[in-house]
Amino acid sequence: DVAFGNGLFVAVGTNSSKAALRTSTDGVTWTVPTLPATSATLILSVTYANGQFVALGSGLIWTSPDGITWTDRSAGYTTAGEVPLDLIYTGETYVLLGYRS
């Protein structure tokens, strides 16, 4: 998945069985920011809304105001073997959409 906000592209997915995130200001040159430690293997969704990026995956929720510095917000979040497919912001609330096992 890819999101754009505050002049930055953020792309998420999986790289060698590890959660992966890359950033770019031009969509051509990509960098790897320092990420919170995780055992998650997949990031499925990223969105930019309300002045922050939110990345969502298998057992993880990360937020970032700039796409470079990420904070783990996963405490208390479990998926019980299921992974949310997407994340949207309604203007008031972040909503997880769909699951896959």
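1. Aromatic pairs. Searching the whole predicted model gives five aromatic pairs. Rings of Phe, Tyr and Trp (its six-membered ring) pair if their centres lie within 6.5 Å; planes under 30 degrees apart count as stacked, over 60 as edge-to-face and the rest as tilted.

2. Phe53 and Trp70. The ring centres of Phe53 and Trp70 are 6.4 Å apart and the planes stand at 45 degrees, so this pair is tilted. Strands (E, at least two residues) are DSSP runs, numbered from the N terminus. Phe53 and Trp70 are both buried; buried means under 20% relative accessible area, exposed over 50%, and partly exposed in between (1.4 Å probe, protein chains only).

3. Tyr89 and Tyr94. Here the ring centres lie 4.6 Å apart with the planes at 45 degrees, so the pair of Tyr89 and Tyr94 is tilted. Tyr89 is partly exposed, because its relative accessibility is 23%. Tyr94, with a relative accessible area of 27%, is also partly exposed.

4. Ring cluster. Phe4, Phe9 and Trp30 are joined into a cluster by ring pairs.

5. Strand S1 (residues 2-5) and strand S2 (residues 8-15) run antiparallel and are joined by four bridges; two strands pair if DSSP finds at least two bridges between them. Gly5 has Leu8 in S2 as its bridge partner. The hairpin of S1 and S2 has two residues between the strands, and Asn6 there takes a positive phi near 55 degrees. S2 also runs antiparallel to strand S3 (residues 18-24), with seven bridges joining them. Gly13 is placed opposite Ala20 in S3.

6. Strands S4 and S5. Of the seven residues of strand S4 (residues 43-49), five are buried, which leaves the strand mostly covered. S4 pairs with S5 in the antiparallel sense over six bridges, and Ala49 is opposite Gln52 in S5. The two strands, S4 and S5, form a hairpin with two residues between them, and Asn50 in the turn has a positive phi of about 55 degrees.

7. Basis. Residues are numbered from 1 along each chain as its sequence is written, and side-chain values use heavy atoms, with hydrogens and water left out. As this is a predicted model, local features need pLDDT of at least 70 and side-chain atom pairs count only at pLDDT 80 or more, whereas totals for chains, interfaces and linings use all residues.
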